[in-house]
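Please look through the model shown here before reading on.

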Amino acid sequence: MAHRPALQVQIVVYENAETEVARAVEAVAAAVAEAQSAGSLGRVTLSIGDSSPTQSLTQSCLDSAQREIERAPDSQFRYCHFGENLGSGGGSNALAASSTTDLLWILNPDTYPAPTALVHLIDALGAVDVAAADARQLPVEHPKGFDHLTGDAAWVSGACMLIKAEPFRMVGGFDAQFFPMYCDDVDLSWRLRLAGWRVVHQPFAVVYHNKRLDQAGLPAASDFEHESGMLSRLFLARRYNRQDVVDSTLSWVDSSGEPAHRRAAIEYRRRLAIGELPEVLHDAAAVADLNSDYYGPSRFHY
Amino acid sequence: MRYNFPFSPDSPYAHIVELITSNVAERGVVLDLGCGHAAIAAPLVDAGFQYVGCDADRSTVDHLRSSGLADAHLVDLTDVAALAGRLDQLIAGRRVVAVTALDVLEHLSNPDEVLTALHAWMSTCGAEYLGVSVPNVAHVDLASKLLTGRWDITPTGLLDETHLRFFTERSLTSLMSQVGFSPAAQHDLRMIFSDQAWPPDHPTQSPDSMLGRFLRTIREQSDENAEVNQFVRLYSRSVSDQRRNGKPTLAVQPQISRRTPFLSVITRTTGTRETLLDTLTCLAAQTDDDFEVLLMINSGDQNAIASVRAMVARFSDRFQQKVRCYEIPERHRVKPLNQGIEAALGRYVAVLDDDDLVLGGWVAAFRAGSEGHAGAVIRCRAADQRVVSFGPNATALASSGFTLPYRATYELASHLIGGQTPQGSVCFPMEALETFGLRFDESMEVCEDLHFLLRVASICGVVDVNSIEMIYRRWEATHSSMHTVAPEVWERAIQRVVEELDRGPLLMPAGTATRLYQAAVQERQVHLLSQGSEALLRRAETGERIWSSLSHQFAELEGAYRRLEADRDAWQQRAQVAGSPSVARRALRFGRRLLR
């Protein structure tokens, strides 16, 4: 890594509220300022990619985002309305493709990184074989496990991930077939690990991620999230050559009767029929953990 | 003369004389405006002052003069244009050290103008002190009577039929300050039962009735003047002219706009916890932006203070502008909370500790709860999560999922045992805290939050918001007070809270009758069940007794039977022996041989 690496912060939005995006940008600007003043960061680009059908952010919102980020020295702002819904992974790939920076900070629009988050994430990428690091999410902390000494984790979350551009490109970025979202970060992490890279969790980097709890005290998931999550699980199982998991998941879904899950199964079978499923990776058993709830070891369960 | 009240030790006259003699060092003239029968003349003269009396009633003045008070003068206070000239004339260059107006202001239609003219004249002649006595229309007797629609004007007393103006402490202090007088000393006349304490047995008047006692408690919580009959106050002319712009007036502008921001968040920190970053980040990410954060840095350690300030300074400008830091060097669990309340500008106040987390809709949920329920305590649901300390700065790392150990809704009975509402899941209406001076009890070692919640809730009621918006993090090691405080200390504190609530009547929310009814039905069911079980027990005991007696009898019968059996066997044996043919034959043969 360069002494003062250049960074692209990339946020893909899809009809998000402007106030939400403005808060995320505000937090990014503060985190960038902190990292620059700590001497661990060079030039910065904030790239917002818009997957919405029509441009979802007004000019005044974009102007204030630009003002916010350009308070940092050597910084620039980019906004791109894709004109189509590229999904989360596809949008991130598109933004990364036009970037020349050393690092990519991939952020969900519904996040608010703490001002020290970026410094800690950069710190976590110190070892040459570490490709990516993710932050500790609040207030609903992710239960996935990590090595308390090295930070090594099974995968890192795309909600707030700092990744070196070189390994990102080397493995081809996100697989946009994980459309529109979910588990594309697990897939990216596993492909990085297959290529010999490490991914780490950085608990000192704090990021607020907008999650709600249901009446039972469980992280609330919308119908869309249930459907997308199930479809992504099937994609992952398919990609990592676990037909047994695909079969058992489909038969469970067929019998469970949950409408969102059934829609996911229908979509999976549709894509199977037209040959639009993620390419199968053989010999990936070492990185792919499809038996546990959180695609790897976990510290606790929700 | 209309009034001729005696100079008793417990009269406004005695109180004002005491105030003057103990506060006015210089000897000279005390000018008594509206002096009536000059009740304070003799004691003031005894104390070395010269007494000059003035009254607007000619017969009063004549009477005083004929009684030997030469310095009695006719003065019409309401003629403010002529007042200064008239006073100059009768003082005639003598040194005036104090002016008094006892039970005068309430009889004037223009006390504001009279006081303004008086202030100007006192400034000219160098008189320093003004002593006044006015009746308190916020005496608990009047307040509680008014609630039942009574406002009884009387020939004399608090509602004397000749009173034109009415004073509370607030309005008196405000008027005096507008004119340019600042409080120097006070010795109010207190009466538990004023002249308005009638009719007898009136439900709001009698402190022995539950309602009367409750209203008295409420009135006493509001300020210290519930039983003040007359404000007896000494003012000094302000050194600097603090008069506000404009004409002094008793009228106040209605305060119709609500306090802003919506919420004041009070966060205590010792400056040593990295978890504060978690808390602040959750606050910065709130969807409802209308709040402020009062960061009470409870530390004397400059490094700790600097690190907290630096942490705040790293946030965006928008968030930094919401945060005010206060340094409180004296380590104390509770005082910083009260200091936070004093500094808070918000409509509601919440306390969020420096290791608590909130969801993004926390402020928004409180606001939603407040809509249609203005003035109530708002409570959201809270979840628990266990955390372990990780790394050099004790980062809180979750070690469990969420549990829901707290009641979904607020209810007094279940709250009395404590532990049902984490501090960060509730916000309090500032207006109630101000009105009743409600603060956290600084003498409590633990449970000050429960104590505070129960007191505020018992006045304002609680509105529950259904969503989970706050996460209480429970350290697995010995971090929280739950772990370090002995159970008996908790128990004692809770007992104290209960005892305090027991001291007066309790206001309960609508719907309580149903809850009590349900509780009573359950109690009756338990009673019936226990009665039933007692009867069953009794029957079982009887059964046992019968059984034991039966089994005893059975055992006896069995013994008897066995004996009969044995007898039968013996008899059978004998019969067999007797009846055996061989024996008989042998016997027969033996007999025959003998006979042969």
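**From chains to residues**

Chain B holds 20 helices and 17 strands, where helices (H or I, at least four residues) and strands (E, at least two) are DSSP runs numbered from the N terminus. Its radius of gyration is 42 Å, well over the 25 Å that the globule rule gives for 596 residues, so chain B is more spread out than a compact globule; the radius is taken over C-alpha atoms, and the rule is 2.2 Å times the number of residues to the power 0.38. This is a predicted model, in which local features need pLDDT of at least 70 and side-chain atom pairs count only at pLDDT 80 or more, while totals for chains, interfaces and linings use all residues. Residues are numbered from 1 along each chain as its sequence is written, chains are lettered from A and ligands numbered from 1 in the order in which they are written, and side-chain values use heavy atoms, with hydrogens and water left out.

Taken along the principal axes, the box filled by the C-alpha atoms of chain B is roughly 180 × 70 × 45 Å. Of the 596 residues in chain B, 46% are buried, a word that stands for under 20% relative accessible area, with exposed meaning over 50% and partly exposed in between (1.4 Å probe, protein chains only). The accessible surface of chain B is about 29700 Å², and 55% of it belongs to carbon and sulfur atoms; such areas come from the Shrake-Rupley method with a 1.4 Å probe, and for residues only the protein chains shown count as cover. Where contacts (heavy atoms within 4.5 Å) in chain B link residues at least 6 apart in sequence, 77% of them join residues at least 24 apart. Chain B carries 60 positive and 73 negative side chains, and the centres of these two sets lie 15 Å apart; Lys and Arg count as positive and Asp and Glu as negative, with His and the chain ends not counted, and each charge is placed at NZ of Lys, CZ of Arg, CG of Asp or CD of Glu.

Chain A has nine helices and eight strands. Its radius of gyration is 19 Å, which agrees with the value near 19 Å that a compact globule of 302 residues would have, and its C-alpha trace spans about 55 × 45 × 40 Å along the principal axes. In chain A, 57% of the 302 residues count as buried, and the accessible surface comes to about 11800 Å², with 52% belonging to carbon and sulfur atoms. Among contacts in this chain between residues at least 6 apart in sequence, 80% join residues at least 24 apart. The mean positions of its 25 positive and 38 negative charges are 1 Å apart.

How do the two chains meet? The contact between them takes 38 residues from chain B and 32 residues from chain A, and the area buried there is about 3000 Å², of which carbon and sulfur atoms give 62%; buried area is the accessible area (1.4 Å probe) that two parts lose on being put together, summed over both. On the chain B side, B:Arg314, B:Phe390 and B:Phe402 lose the most area to chain A, together 20% of what that side buries.

Within chain B, helix α9 (residues 275-284) is mostly covered, with ten of its ten residues buried; among them are B:Leu276, B:Asp278 and B:Cys282. B:Met508, by contrast, belongs to the loop between α18 (487-502) and α19 (512-579), and is partly exposed at a relative accessible area of 40%. Its C-alpha atom is separated by 18 Å from that of B:Pro429, which is 79 residues away along the chain.

In chain A, A:Asn108 sits in the loop between β4 (103-107) and β5 (111-113), and counts as buried at 18% relative accessibility. Apart from neighbours within four places in sequence, A:Asn108 is in contact with A:Ile11, A:Gly158, A:Ala159 and A:His209.

Some backbone details remain. A:Leu138 and A:Pro139 are joined by a cis peptide bond with omega about -5°, and A:Pro139 lies in the loop between β6 (130-138) and β7 (160-164) of chain A. A cis peptide bond also joins B:Thr260 and B:Pro261, with omega about 0°. A:Asn241, although not a glycine, has a positive phi of about 60°, and counts as partly exposed at 41% relative accessibility.
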